[in-house]
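The sequence and the coordinates are shown below.

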Amino acid sequence: MLLSNPVFIGVVLMTLLCFFRFNVLLSVLLSGILVGVWSQFMNVEHLDIMSFFANLPQAMMKSMQILIDGMQGNLQTALSYILLGAVAAAISKTNLTAYLIKIVSQCISQKKYLLILSLALIACFSQNLIPIHVAFVPLLIPPLLKIFNRLKIDRRAIACALTFGLTTPYMVLPLGFGLIFQTLLVENLNSNGVQINLNDVSQTMIFAVICMLVGLFLAVFIFYAKPREYKEEQIAKMDFENLNMGRKEWGVLIGLALTLILQILTHNLPLSGLLGFVLMVILGGVEYKKVNLVFDDGLKIMGYIAFVMLVASGYGEVLKQSGGIADLVKVSVPFMEKSHLMAIAIMLLIGLLITMGIGSSFGTIPIIAALFCPICLELGFSPAAIIFIIGVAGALGDAGSPASETTLGISVGLNADGQSDHIRDTCIPTFIFFNGSLLILGSIIAFLLL
């Protein structure tokens with residue numbers, strides 16, 4: 001029975017808790033414990049109340065141990081996030097971002113669409129070339145709001161452009177956060193019976209660009225192209241006249257270059273981030289006496305997300321060991337065999353729901369890989385189709401989730417003058433144009449890859 005399946009119950013509970021704004025980490029932990037306990041008791045005959053409560057502590061401890069053991073599956077990813085957080089913190093303490101703002105404001109501030117698309121490109125660089133992720137938005141966007149107002153740009157178009165740049169690169173490029181995402185795909189698909197390598201992921205996920213470009217085009221050039229008026233509000237200004245490239249800026253810039261080169265050569269992001277940060281310290285980009293402060297700031301930026309991914313990996317292990325996935329496959333496959341296109345759409349929709357709840361596409365991968373790989377293999381899907389389904393299902397929801405660091409960071413930047421709403425002006429537009437495009441076009445592309 002589907003309704004008594006521990007995996008089904010656990011995923012529903014986790015998703016509901018996250019949707020009702022319960023703490024994400026606690027939601028995943030509680031759901032994992034429930035899956036483990038339920039799977040241990042569901043096949044016990046003649047279970048009475050006394051026996052249940054007598055054995056409950058042991059069942060909970062066993063479930064927690066499985067979850068803890070499973071966390072090691074994401075150790076490299078978590079370490080990568082923490083080290084990139086330190087790199088991002090080092091960048092934020094220099095004038096590098098201010099230089100970027102100065103270039104943007106001077107070169108393209110009079111050209112509406114060029115400005116919007118340039119912001120999308122800058123956001124792309126924040127995922128790989130300068131792996132600062134969404135942390136650049138609160139620094140870059142507020143000083144540009146006056147320019148947006150003068151050009152009468154609808155900020156929903158800006159939100160969509162930034163979301164495109166923050167989401168697309170990690171799906172398709174094996175650099176920076178993209179290397180984390182694609183390595184996660186490789187590790188989790190391999191551990192669930194689908195043998196692939198990093199090149200397979202890069203060559204397949206490139207098709208996701210089609211979905212994202214369609215969403216960007218519809219948002220920027222059609223639906224949010226009309227001029228929109230905003231009030232002129234006073235915003236703290238940056239001093240662009242007295243900027244200088246000192247020892248600190250050059251030290252951080254050279255450290256960033258080393259980080260980028262090493263990740264291209266080694267595909268090892270933790271090592272690249274570590275050596276890049278150490279070089280920043282050696283060259284004076286990060287003052288030696290402030291290393292602890294910078295690293296603490298990095299933990300604040302990325303530490304929580306890293307730990308969510310660790311727990312999500314443990315949760316995926318609990319799902320696998322519960323035995324409920326095999327039963328779920330038996331129930332699902334006969335229905336999905338009738339229409340492979342419908343099967344793909346359902347899996348993508350489930351990925352959307354889970355990611356919307358958790359708010360992290362990276363944390364979703366271990367969960368949906370454990371769920372979908374057995375189903376896809378039973379249906380006879382090709383490795384390319386499985387890569388694309390799980391990759392897109394993981395990314396779905398990152399755009400538009402109220403809990404996503406992507407949407408939260410964008411809203412902080414656009415609402416610096418109190419004229420942009422987190423839900424109406426960021427979450428809803430990005431949800432419609434990117435999740436809608438990934439669901440519809442993504443289903444068709446995955447079907448063609450079968």
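## A charge over a ring

Which ring does the charged end of Arg-155 sit over? In this predicted model, the ring is that of Tyr-230, with the charged end of Arg-155 lying 4.2 Å from the ring centre.

## The stacked pair of Tyr-113 and Phe-221

The structure contains 6 aromatic pairs. One of them joins Tyr-113 and Phe-221, which are stacked with 4.9 Å between centres and 25° between planes. This pair connects distant parts of the chain: Tyr-113 belongs to helix H6 (residues 112-125), Phe-221 belongs to helix H12 (residues 208-223), and the two are 108 residues apart.

Tyr-113 has a relative accessible area of 31% and is therefore partly exposed. Phe-221 is likewise partly exposed, at 34% relative accessibility.

## The tilted pair of Phe-223 and Phe-433

For Phe-223 and Phe-433, the ring centres are 5.2 Å apart and the planes meet at 55°, so this pair is tilted. Distant parts of the chain are linked here as well: Phe-223 lies in helix H12, Phe-433 lies in helix H21 (residues 422-448), and 210 residues separate them.

Are the two partners buried or exposed? Phe-223 counts as exposed because its relative accessibility is 52%, above the 50% limit. Phe-433 counts as buried because its relative accessibility is 8%, under the 20% limit.

## A cluster of rings

Tyr-113 and Phe-221 also belong to a cluster, in which ring pairs link them with Phe-217.

Key:
Residues are numbered from 1 along each chain as its sequence is written. This is a predicted model: local features need pLDDT of at least 70, side-chain atom pairs count only at pLDDT 80 or more; totals for chains, interfaces and linings use all residues. Side-chain values use heavy atoms; hydrogens and water are left out. Rings of Phe, Tyr and Trp (its six-membered ring) pair if their centres lie within 6.5 Å; planes under 30 degrees apart count as stacked, over 60 as edge-to-face and the rest as tilted. Helices (H or I, at least four residues) and strands (E, at least two) are DSSP runs, numbered from the N terminus. Buried means under 20% relative accessible area, exposed over 50%, partly exposed in between (1.4 Å probe, protein chains only). A charge sits over a ring if NZ of Lys or CZ of Arg is within 6 Å of the ring centre and within 35 degrees of the ring normal.
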